[in-house]
Structures are given as C-alpha cells and as structure tokens.
Amino acid sequence: MHRAAERGRLPAVAELESIYATVPVGLCCVDRDLRYVSVNEQLARYNGLPIEAHFGRTLREIVPHLADTIEPIYRRVLDTGRPELNVELFGSTEADPHVVHTWICNYSPLRDEQGRVIGVNTVVHDTTDRRASAVALDDATAALRQRDEFLDVIGDRLPEAMLFRVLHPRDGGYTFTWVSKGTAAVTGLSPETILRDPDAFARQIVDEDRPRFLDAMASALRTLSTFDHTCRLRWPDGSLHWCRVRSAVRPIDNGAVVCEGVIINTTGLIEAEEALVESQDRYRAIVSALPDLTFLLDTSGRYLDVHPRESRSLLMPPDRFIGKHINEVMPPDLAALLMPCIEQVAGGGTAQADYPVTINGDTRQYEARMVPCGANKILAVVRDVTESKRAQHDAERARLELAHVTRVTMLGEITASLAHELNQPLTAIVTNAQTARRSLSGDVVRPMDVGALIEEIAGAGQRAGDIIRRLRSWFVRERVPPQRLDLNEVVREVERFLHSELIIRQVRLKLAGHRHLPPVLADRVQIQQVLLNLALNGMEAMHERPVKERLLTISTSVVDREVHVAVRDRGTGLAAAQLDRLFEPFLSTKPSGLGVGLRICSSIITAHDGRIWATNNDDDAGATFVFTLPVAPDRR
Amino acid sequence: MTGHVVCVIDDDVSVLKAVSRLLTALGYTVRSFRSAQQFLDRSTQDDAELGCLVLDVHMPGMSGLELQEELARTDRDLPIVFVTGAGDATLRQRAFANGAVDFLEKPFTDAALERAVSHALSCRAERFA
C-alpha cells in the first residue's frame, strides 16, 4: 500500500486508506487494464492473498470465480465514468471456498487531474454476517410476533383475568402499551379505554385502597421487583370487585421500565373463601351442638381430632386421643370391632358399629357411624344409645307382652273349637278303651282284637299330645330368634289349628299356595298369630252369610322380593271409614272384640319389616287382608 | 230282620272307627260313613234294614243337623243319636226340636251310647209297627 503511495499515482487511494485504515472495509484500486494498483489489508484478507501478491495482476488472476461478474461492472465504470453503488455480490473466495459470502460493493471512477478516467476505486463491504443477523432478526421478529399473538390468544381467553404491559418512560408518566381483551371482566373498562387513558384503571381503585396500591407500585418500579397487590375496584356500574395485580418489572433502553403481568378478578375466590370459612364455622358449630362424640381419623385408624360433648363420656381426655391409633387407646376387643369398619370406610364405604363401653363401672351402649371425610379422612360420629336402646327394648317387650295377651285372648275366643279338636282323640281313646275292657271281660257279643284297639288308643293319644304341644307354643312369652319359614307351611299349620273352628262355623277354607315360595325370616308363632287373627276375622265377617257362600281363601305369592299372604273372605266388606282406621289401636269392627288383634297384627308385621293392609274385594263380596314379609337373605 | 243296622256318621276317622268297633262288639250291625253326603249317596230311601243314625253334629260340608233336616224333608224317618265334640245348648235344643232321640257329648261312656242306640232302635221298631 505504502508502495502505491510512494509511486504517487493514486493519491486518492492513500487518502481513503488513511480514513478507513481501521475500518473492516475492503478497498482497492484497479487501472484501465483491470490490474490491481492498490489493495488494503481487509480486501487482501477477503481474497486470501498477501497485499503484495495483488500488484500488477488482473482481477481474473486474483478472483477468478468473480471475474465474469465484476469485469463488466468495471468496464462500465471505465467507459461511462459513472459510479455503480450498492452492488450486491454473492460468491466464495480462494481464502474461504466453502462459504458463500455476500458483499456490498461501490465502484467509483478514478480520474486524473484532467478528469480522465484512469482507474476504478472499489469499496467492498462483506455483509455475510450482517445478512445472517438480518435473517435472525427477521426470525426473531416473527417469533416475537408469534409470542405476542400467543399472549393475545391466552390473554383473550383468560376468564376473569387480563394481561397487560405498561411502559414507564424515564421522565415519568406511564402508558398501557398492550392489554388483552378481557379487561371488562376485571376492571369493567374496555381495552380501548385503558389504552387511551392510562389513569382509568387507577381511578377505579377504591379511595381507601388507592394510596397503598400506588405506593407499592412506585416501590416495585424503583427496586425493579415483582409487584403483587390486591385491592378493590369500583366498576363504572357501581359494583365492587376484588382484583389482584401481579407483575414483573424490567428495565429497557433509555432508562425506561416495562411492567408486565396479569390482573385477576378475585371476587369469586374471595367469596368462595369466605363461604369456606363460613362453612367451616358452621361445621364447628354443628359438631359442638351434636349430642354425640365426633372423631376425625385418618384411614389407618389414627385419631386426628376429637370433639366430645363432655369429656366424661370419653375413656380419657380428648388430647390423649389425638395422634394415637385406635389400637393404642381402645380396649382390644373394641379395637378389633372398629378396625374392620375403618378399613371399610377407607375403601370408600360407610360403616356402623354397636358396642358397649364401660366407663367408671357404668356400662353404656354406643353406636358409631363412620363416613369418608374428604381425602384420606374418616369422620366417626359416636352416639350414646343406652337410653334409646333401653326404650326400644322396653317397647319390644311391651309389644311381645301385648302380642302374648292377645294370643291368649284369641285362644279364649276359640275355646269351643279347641275343645272339639281335643275331644276327638279323647273320644277315640275312651271308646276304644271301653271296647277293649269289655272284650277282655267277655262282656260283649263279639270280642274285638285288643291289640288293634290299643294301637288305636296310642295313635289317638299321640294326636292329643300334638294338639297340646301346638297350644303350648302359643303361650310362649319369650322372644325367640327369627327362623327361616316357609309361609305355605305356616298356613297349613294354621289350617290345622282352625280345623274344628272351620267345621263348627261351617266355613270352607281354600289354600292357594305359590308353588316355589322363598323363605322369610320371622317368628313362627307371631306369624301364625297374624294369620289366625286374619282368618278368624274373615270367618266372623261371613257369619251372617248362607253356609254355601262362606269361603275363606288364603293365598301366597311372591312380588318383588316380598312374600305376600292374602286372606280373602266373602263377608260383608269394610266401610270406607273402617279401611282408613283399621290398624289403629282399639278399634273393633265387630262385636266379639278381636279388634285389638289387628293392631297387634300390624305391630308384628311392622317389626318384621313387612306391611299389612286391607281392601274390599272388587266383586263387592267381602274383604282381603294382605301382609307382606321380605324374602330372607340367601344363606351363605 | 228290619231296622237293625246302625249307621255311624263322623268325619273324624279315629272316632268313626272306635264307635263302629264298640257297637260291633256289642252285637250291632254297623255301617260307617265319613260324611253326611256319603250317607245320602250310599243309602237308599226304601232300605228297610237301616235302624238308626249315630250322627256327629260338626262335620265339614253338611252338618249333622242339616242331615237331620234333609231326612225330615224327604220323609225318611230314621231315629238319630247325636254326638258332639263341642256342646252347644242351642244346637242341642234344635236337635231335640227336630226329633232327635239323644244328644251325647264326646267323650261318652259305652253305657250311654249303648243305651241311646238301643233306645233309638226301639223307636224305629215302634214306628215300623
């Protein structure tokens, strides 16, 4: 380069060179023969050759790849004397053959003092990197645009929330530069209002909350810290709303600060929270008002909380339960009873257990009900049922007592037929005995076979014994455990019982038993009592009827897991007023006074989880009494 | 010999057999029937052998008293000894009003039955005479 300056032929280049010495721009000068006259270091680096290697050599020799492209340009500049500016060239060089470079080139004519074009000055600017960064910028711009669109998409769809960006320039003031569409659901204002009038939002904040909000915001801007603040807004329509503003603050150029974030309408959340607090308060109030012990346990059987009504109803003070396992605080037999219940509730079910507990020598009966309570917790409500069990027991006893009394009374009603029933075998016994005696003493015309007579006597005696046994079971007062009963069999037993009564009253009994009757679980004698009572009522109702019309039908059937037993008479039927009050106590529909019996029937059937009712027959002749009993559960 | 057969009618088989055996032992010719209807079905109006009835009051279907009324309605004049397992004054009065010879309550003695049947047969003999 200094050689060219020394030659003094191209002073302009030397000037340029001094100007651009440190600038990464390639410079060169060629003469009219397109031979390099001068080259700066930068261009020599582009071309991959030392500076000295250029002098006196042609373009074609130095940059053969580009020669076809650039020679015409140089010739045009030499011919026309006009510069060609901002020519973009693509290609690779010897120095860097695998990279396609981009250059921006300016070609200007070099003139002598007479103004003749003697060469061409060239400025070459390698823009390869800049171009890459322009592409990256484009990509980044596109990505930014996408991100903004994404924010728009998200922001516009947020329920009860809005996104925002606020610019705080260095010299004070601020503007919303972007908001998502959902501003109305948070501030009651349109996006346009907020963008146009930056103070619109702050004006909405209720007076009591505004200073605190503004202070907090100023502090966040000053310290560039995250802002998180909840305040109340008064919407243009006058309604009051809670909102929570949460934003990040970051500095940008020029000392400005951008605050970006989200504003959420928390009115619903706060109301829900208040409702939750209220419901918890209510729960506590209910629990404290319950006449029960309430325990909260985890699913392993550990006590989490205990609410006794009074601590003396507990085995130990409440605080000694908490954190302990059932196995640690309950007697072993009780723990063994309760643990399966816990497991059942832990599995999503509910459970109930009845058990006695002795505290200070006083044994009381408890009933525990357990239900799932939220996730992994069990609520156990334990009730002292001693009194109600006692009352229940007393009522049961009274019911059994009354049933017994009515049963005995009912037997009194049919004394005549019972005597008749017993008199038959007795007559056979007495008569056969007399025949035998006279046969043995020769006091007869034709002696009979005494052996055969004695056999008859034994048979009749057995029969009398059966009748007595049957009667005796009727006088049983004690409660016996329910048995699995075939109601057809019970009907046949009652038929035997009624055998003489039917004959004396001249009533025909027709049995219509369902052929495959499932068993029921019941007290045999009590069900016999109900049937006998209904049958006697039916017979009584037909008393005035001609003998031929006196037909009593007892039928059994199965309807929806219930066995139905119907006792149908052909009597006078029931008046409408009677139908309603039939099973009320001490109503007698007939003179002989078995009325109390229906009340007993009702209590017996109810105690067996059954139902009882009466209807008049459709054909205007008589009534039908029906009782039902649930089919017994399958035997395991 | 006319009018010597004793007809025993009772729905209770053991009683029917016992009474029939006793009367047979005592020398009577006995026919047994399990119901009033069976008697009506198996005896004929002009059967001169029939002497009297030993008739149970309470039987399913036609009762003893109804049979008595039926026989009266058809002019069959057979003396009747009623036996009953359930004494009832009204029925007793009704039976006698309709011409019963006797009305025995179960269980009865052999002597009472023998006396009643003997009396009934003599009544029958008188009516034939």
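**Reading this model, feature by feature**

Me: Let's start in chain B. Where does Pro107(B) lie?

Reply: Pro107(B) sits in the loop between S5 and helix H5 (110-128) of chain B. Keep in mind as we go that this is a predicted model.

Me: Which kind of peptide bond joins Lys106(B) and Pro107(B)?

Reply: The angle to read here is omega. The bond joining Lys106(B) to Pro107(B) is cis, with omega about -15°.

Me: Lys106(B) has my attention now. What does the side chain of Asp10(B) do with the side chain of Lys106(B)?

Reply: The two side chains make a polar contact at 3.0 Å. As for its place in the chain, Asp10(B) is in the loop between strand S1 (5-9) and helix H1 (13-25) of chain B.

Me: Does Asp10(B) count as buried or exposed, and why?

Reply: You compare the relative accessibility with a cut-off: under 20% is buried. Asp10(B) counts as buried because its value is 2%.

Me: What is Asp10(B) in contact with, leaving aside its neighbours within four places in sequence?

Reply: The list includes Val15(B), Leu16(B), Phe33(B), Asp56(B), Met59(B) and Val83(B), along with Arg34(B) and Lys106(B). Take Arg34(B): it is 24 residues from Asp10(B) in sequence, but their C-alpha atoms are 5.3 Å apart in space.

Me: On to the sheet. In what order do the five strands of chain B come?

Reply: Read across the open sheet and you get S2-S1-S3-S4-S5, with parallel pairing. At the edges are strand S2 (29-33) and strand S5 (102-105) of chain B, each pairing on one side only. From one strand to the next, the twist averages 20°.

Me: Over how many bridges do S4 and S5(B) pair?

Reply: Strand S4 (residues 80-84) of chain B pairs with S5(B) in the parallel sense over four bridges. For a pair you can look up, find Phe82(B), which stands opposite Phe103(B) in S5(B). Helix H4 (residues 89-97) of chain B packs on the sheet and touches S4 and S5 of chain B. The direction of H4 makes about 155° with that of S5(B).

Me: How about backbone angles? What is phi of Asp75(B)?

Reply: Asp75(B) isn't a glycine, yet its phi is positive, about 60°. Look for Asp75(B) in the loop between helix H3 (64-73) and S4 of chain B. Asp75(B) counts as exposed because its relative accessible area is 69%, and the cut-off for exposed is over 50%.

Me: And what is phi of Leu224(A)?

Reply: It's near 55°, again a positive value in a residue other than glycine. Leu224(A) is in the loop between helix H10 (210-223) and strand S8 (227-234) of chain A. With a relative accessible area of 38%, Leu224(A) is partly exposed.

Me: That takes us to chain A. How many helices and strands are there in chain A?

Reply: Chain A has 20 helices and 22 strands. Of its 636 residues, 42% count as buried.

Me: How do I read a pair of packed helices?

Reply: The description uses the angle between their axes and the distance between the axes. Helix H17 (residues 487-505) of chain A packs with helix H18 (residues 524-541) of chain A at about 40°, axes 10 Å apart. The crossing of H17(A) and H18(A) is right-handed.

Me: Which residues in H17(A) and H18(A) meet?

Reply: Among them are Val494(A), Phe497(A) and Leu498(A) in H17(A), and Leu531(A), Ala535(A) and Met539(A) in H18(A). The residues of this H17(A) and H18(A) contact divide into 13 nonpolar, one polar and six charged.

Note on methods
Residues are numbered from 1 along each chain as its sequence is written. Chains are lettered from A and ligands numbered from 1 in the order in which they are written. This is a predicted model: local features need pLDDT of at least 70, side-chain atom pairs count only at pLDDT 80 or more; totals for chains, interfaces and linings use all residues. Side-chain values use heavy atoms; hydrogens and water are left out. Axes are lines fitted to C-alpha atoms, for helices over the stretch in contact, and angles run from 0 to 180 degrees between N-to-C directions. Helices (H or I, at least four residues) and strands (E, at least two) are DSSP runs, numbered from the N terminus. A crossing is left-handed if the near helix is turned anticlockwise from the far one by less than a right angle, and right-handed if clockwise. Contact means heavy atoms within 4.5 Å. Ala, Val, Leu, Ile, Met, Phe, Trp, Tyr, Cys and Pro count as nonpolar, Asp, Glu, Lys and Arg as charged, and the others, Gly among them, as polar. Two strands pair if DSSP finds at least two bridges between them. Buried means under 20% relative accessible area, exposed over 50%, partly exposed in between (1.4 Å probe, protein chains only). A polar contact is a pair of N or O atoms within 3.5 Å; within protein, one must be able to donate a hydrogen and the other to accept it, and residues adjacent in sequence count only if both atoms are side-chain atoms.
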